Amino acid sequence: MTAWRFIVIIACAPMMGNDLQSYAPLLLHLILAMALSGVLLLLSSFVGWRRPSKIKNQAYECGVTPTGDARAPFSVKFYLVAMVFILFDVEAIFLYPWAYIFRQSVTGQSRWFGFVEMLLYIGILLVGYFYLWKKGALDWNRPAVRRDRAS
C-alpha cells in the first residue's frame, strides 16, 4: 500500500471514540491559553513596578485633559450613526456569502427561495435606513433638536 492511499484512508475514515476524544485538541488549546494568560498576569503583578501618582490615576482620553462629568448623556445622533454602521456591516457580512451560494445553486426552486429571502432581508434594511433618514441621522448640517424642553 502506498503512502498516498494510506493518507486517503485515514482522511476518509469516520471518527472513532467518544465525543471527548474528538474535542480533546480544542479543550487542550483552551486550557493552555487560560494557563498562559494566568501565568502572564501573575508574572506581571509580581515583577511590575508600582508607583501610583495623581497623574497616573487620572483618566486618560487620547492625550486631552478630561473636563466635565464622564456620565454626561450622549446625543441621540451618536446612536443613530451607530445604527447606520451596524446596518451596513451586517448587510455586507450577509450579502457576500449569499451571492456566492446563489450563483452556485443549480435548481430553480432554491434560486427563487434565496432570491425572495434576500428581497425580504433588503426590505428590512431599507425600513431601518428610511427610519434613520427620517430621524435626521444622515443630515450632518442640521443641529440636533431637543424635544424634552418646551420653547
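The model is predicted. Of the 151 residues in the protein chain, 11% are buried. Among contacts with a separation of 6 or more, 57% join residues 24 or more positions apart.

| Helix | Residues |
|---|---|
| α3 | 24-47 |
| α4 | 76-104 |
| α5 | 108-135 |

Let's start on the outside. The protein chain has an accessible surface of about 14,400 Å², and carbon and sulfur atoms contribute 70% of that. One nonpolar surface patch is formed by Y23, L26, L27, L30, I31 and M34, which together have about 630 Å² of accessible area. L27 belongs to helix α3. With a relative accessible area of 42%, L27 counts as partly exposed, because that class lies between the 20% and 50% cut-offs.

Next comes helix α4. Its 29 residues should span 42 Å at 1.5 Å a residue, and the end C-alpha atoms are 43 Å apart, so the two values agree. The buried residues of α4 are K77, L80, V81, V84, L87, E91 and W98.

Which residues make up the largest nonpolar core? The nine are L80, V84, L87, W98, M118, Y121, L125, L132 and A137. Helices α4 and α5 each supply at least two residues of this core. Core residue Y121 is also in contact with V90, E91 and F94, leaving aside neighbours within four places in sequence.

How values were computed: Residues are numbered from 1 along each chain as its sequence is written. This is a predicted model: local features need pLDDT of at least 70, side-chain atom pairs count only at pLDDT 80 or more; totals for chains, interfaces and linings use all residues. Side-chain values use heavy atoms; hydrogens and water are left out. Buried means under 20% relative accessible area, exposed over 50%, partly exposed in between (1.4 Å probe, protein chains only). Contact means heavy atoms within 4.5 Å. Accessible areas come from the Shrake-Rupley method with a 1.4 Å probe; for residues, only the protein chains shown count as cover. Patches are made of residues with over 30% relative accessible area and no salt bridge: like charges are joined within 9 Å, nonpolar side chains (Val, Leu, Ile, Met, Phe, Trp, Tyr) within 5 Å. A salt bridge is a side-chain nitrogen of Lys or Arg within 4 Å of a carboxyl oxygen of Asp or Glu. Helices (H or I, at least four residues) and strands (E, at least two) are DSSP runs, numbered from the N terminus. The expected span of a helix is 1.5 Å times one less than its number of residues. A nonpolar core is a set of buried Ala, Val, Leu, Ile, Met, Phe, Trp, Tyr and Cys residues joined through side-chain atoms within 4.5 Å.
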